[in-house]
Amino acid sequence: SFAKCLTEKKAVMYGAYWCSHCADQKQMFGKRAFAEVNYVECDARGRDAKPELCRTKNITGTPTWEFTDGSRIEGKAPLEVLAQKTKCSLPSLTPSL
């Protein structure tokens, strides 16, 4: 639900398939959840790549997160920061007893 909320709030992650920090960021969500994130592949050799969009947006490093207010976070972003920027609720990581 957190990943879906990021997409609903139009947050976008720009990345590259070979980028280790991008892989770390994806892993923070988990594979199934990350599939819900609005992700743009910037390397022309990657799957569903949009290098022209990345150039137009002046993406100079990956990962880069972009938000509707025009602000950006360059580099791996903690989920708590993404939650603050988008007002999306993070799921509770506390196990229920």
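1. Cys-88 is buried in this predicted model, with a relative accessible area of 4%. Its sulfur is joined to that of Cys-5 in a disulfide, with an S to S distance of 2.1 Å. Cys-5 also counts as buried, at 16% relative accessibility.

2. The link of Cys-42 and Cys-54 is left-handed, with -80° about the S-S bond. Cys-42 is buried at 16% relative accessibility, and Cys-54 is buried at 5%.

3. The count comes to two disulfides. With bonded cysteines counted along the chain, they follow the pattern 1-4, 2-3. As for other cysteines, Cys-19 is buried with a relative accessible area of 5%, and Cys-22 is buried with 1%.

4. Turning to charged pairs, five salt bridges are found in a search of the whole structure. One of the pairs is Asp-43 with Arg-45, where the closest N and O atoms are 2.8 Å apart. Asp-43 is buried, at 12% relative accessible area, whereas Arg-45 is exposed, at 64%.

5. Asp-69 and Lys-85 form a salt bridge, with 3.8 Å between the closest N and O atoms. Asp-69 lies in the loop between β3 (64–66) and β4 (72–74) and Lys-85 in helix α5 (residues 79–86), so this pair ties together parts that are 16 residues apart in sequence. Asp-69 is exposed, with a relative accessible area of 58%, while Lys-85 is partly exposed, with 35%.

6. Lys-57, Glu-66 and Arg-72 belong to one network, joined by salt bridges that share partners. Within this group, the side chains of Arg-72 and Glu-66 meet in a salt bridge at 3.4 Å, N to O. Is Glu-66 buried or exposed? Glu-66 counts as buried, because its relative accessibility is 12% and the cut-off for buried is under 20%. Arg-72 counts as partly exposed, at 29% relative accessibility.

Conventions: Residues are numbered from 1 along each chain as its sequence is written. This is a predicted model: local features need pLDDT of at least 70, side-chain atom pairs count only at pLDDT 80 or more; totals for chains, interfaces and linings use all residues. Side-chain values use heavy atoms; hydrogens and water are left out. A salt bridge is a side-chain nitrogen of Lys or Arg within 4 Å of a carboxyl oxygen of Asp or Glu. Buried means under 20% relative accessible area, exposed over 50%, partly exposed in between (1.4 Å probe, protein chains only). Helices (H or I, at least four residues) and strands (E, at least two) are DSSP runs, numbered from the N terminus. A disulfide is a pair of cysteine sulfur atoms within 2.5 Å.
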